[in-house]
Amino acid sequence: MTELISLLPEEKVKTEGQANHLLGNNGEMTVFPTAEEEIIQVLKFADQNDKKVSIIGGGTKRGFGGLSDYADIQLSMAHYSGITEHTPGDMTITVKAGTTFKELQDFLAKHQQRVSLDPAWPEYSTIGGIIASNESGPKRLGYGSARDSVIGLRIVYPDGRVIRSGGKVVKNVAGYDMNKLFIGSMGTLGVVTEITLKLRPIPKYESLILLSFPIELLEEMRLFVVKLLDSMMEPIALELLSPALSKRLANHNMYTLAISFEDFEPSVYYQEEFIKSIVPAGSLFSLLPQAEAELFWDGFYKTAPNGVTSKPRSITEASLKIGVKNMDVFQIVKECASMYKTTSIEAHGGIGHGLCQVILKGSSNDVMNAIERIQQAASRLGGYTIIKHLPYALRHKTEVWGEKPSCFFLIQGIKTAIDPRSILNYKRYLGGI
């Protein structure tokens, strides 16, 4: 490894290993490139010397996948950050992968623009990590996913070749949409160095309605949701919170719907009045204006455990991503709420896109038993479960990505074609890829 050290300035290489980190996914040495050429040199060295490379951005997803305690080299993108190009008139921006999401949004706010994504822990999460994991939040209902925001990518292949997918303009329709191959691939196909994103103007106004229901009115809640989704209203988020999560965020120990609106003020006010007109009797209605709504979401995005703040402790933390049909979100959140007596568990799910998140805390045995029960519940509904955060030692005791899909041979074939030596993020993705 001394050859690699000689390729980079001394201050960009940290040789102390971190093999005993709670979440794994570390390296015998960590490199901190600040230029794309340095990333190319590291990957060429790894490819030619059959060394494994683990990629890390802000570190929030250190506990997401990975069946290897540490790789030979940890490639940190933390110092590879900054805005490459911003074209306000075209509403596009090109940014380096190590830029934190908060830094990116703060820059765009000066131009009354933003990236329409809402990931967890924005002050730590890098845009490269968000794209690599295809992360999205409750506002996916109105915003779409990372795949809907990306226009183009610049990627370094495991052998050091640089390719570009997509373009730098919104109306880019030439050829195959190669972006989708890399978004959500967990860094197993290449190192994303630059991302070009389409932007939206910051909305003029935002509000949040919290509608809480006691358990005996769950059917009324379901009917309310159907009526809302069948209407002309356009909420940005329609998130169901379990009683435990609602208690912590809104001080209501009941099932709660978080209904978010963003638009011109008259439009938001109109939609608020519509909600008031169809609120079922017996429910608890709260309206949060913009400042309070922003505070609510700020707390919401800090509910899940992450690799930056996780420390060895007596309790085990885990988080799960569950995908089911829209209305089956009720079943998942209700199932989680029923386990609260044995395990600390908080859950929420998007009615409109069907993605749920479950946060677990407790003894290792209790957490693993709860994960198995939730996996079974999702499977019965025809859905899937992905474990987004779990200590390294426990990831070997379950299927982090769930069962292999029928198309797994295609995914495996793509990995073999692009990274035949499995240099990048070894065993980090589906099926141990």
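The structure is a predicted model, in which local features need pLDDT of at least 70 and side-chain atom pairs count only at pLDDT 80 or more, while totals for chains, interfaces and linings use all residues. Residues are numbered from 1 along each chain as its sequence is written, and side-chain values use heavy atoms, with hydrogens and water left out.

The overall form of the chain was examined next. The C-alpha trace spans about 70 × 55 × 40 Å along its principal axes. For 433 residues, a compact globule would have a radius of gyration near 22 Å, and the value of 22 Å for the chain agrees with this; the radius is taken over C-alpha atoms, and the globule rule is 2.2 Å times the number of residues to the power 0.38. Of the 433 residues, 54% are buried, where buried means under 20% relative accessible area, exposed means over 50%, and partly exposed lies in between (1.4 Å probe, protein chains only). Among contacts (heavy atoms within 4.5 Å) with a separation of 6 or more, 72% join residues 24 or more positions apart. The chain carries 46 positive and 47 negative side chains, and the centres of the two sets lie 3 Å apart. In this count Lys and Arg are positive and Asp and Glu negative, whereas His and the chain ends are not counted; each charge is placed at NZ of Lys, CZ of Arg, CG of Asp or CD of Glu.

The chain has 15 helices and 19 strands. Helices (H or I, at least four residues) and strands (E, at least two) are DSSP runs, numbered from the N terminus. Strand β8, residues 150–156, is largely enclosed by the rest of the structure, because six of its seven residues are buried. Two strands are said to pair if DSSP finds at least two bridges between them. Six bridges connect β8 with the antiparallel strand β10, residues 191–198, and here Ile155 stands opposite Val192. Five bridges link β8, again in the antiparallel sense, to strand β9, residues 162–166; in β9, Val162 is the bridge partner of Val156. β8 and β9 form a hairpin with five residues between them, and Gly160 in the turn has a positive phi of about 100°.

Several individual positions were also considered. Thr87 belongs to strand β5, residues 83–87, and is partly exposed, with a relative accessible area of 25%. Thr87 and Leu199 are 112 residues apart in sequence, and their C-alpha atoms are 9.9 Å apart. Ser310 occupies the loop between α11 (290–300) and β16 (316–323) and is buried, at 6% relative accessible area. When residues up to four places away in sequence are not counted, Ser310 touches Leu23, Glu317 and His389.

Positive phi values also occur in residues other than glycine. Asp50 has a phi near 55°; this residue is in the loop between α2 (36–48) and β3 (53–56) and counts as partly exposed at 47% relative accessibility. Lys427 has a positive phi of about 60°. Lys427 lies in the segment after α15 (408–418) and is partly exposed, with a relative accessible area of 32%.
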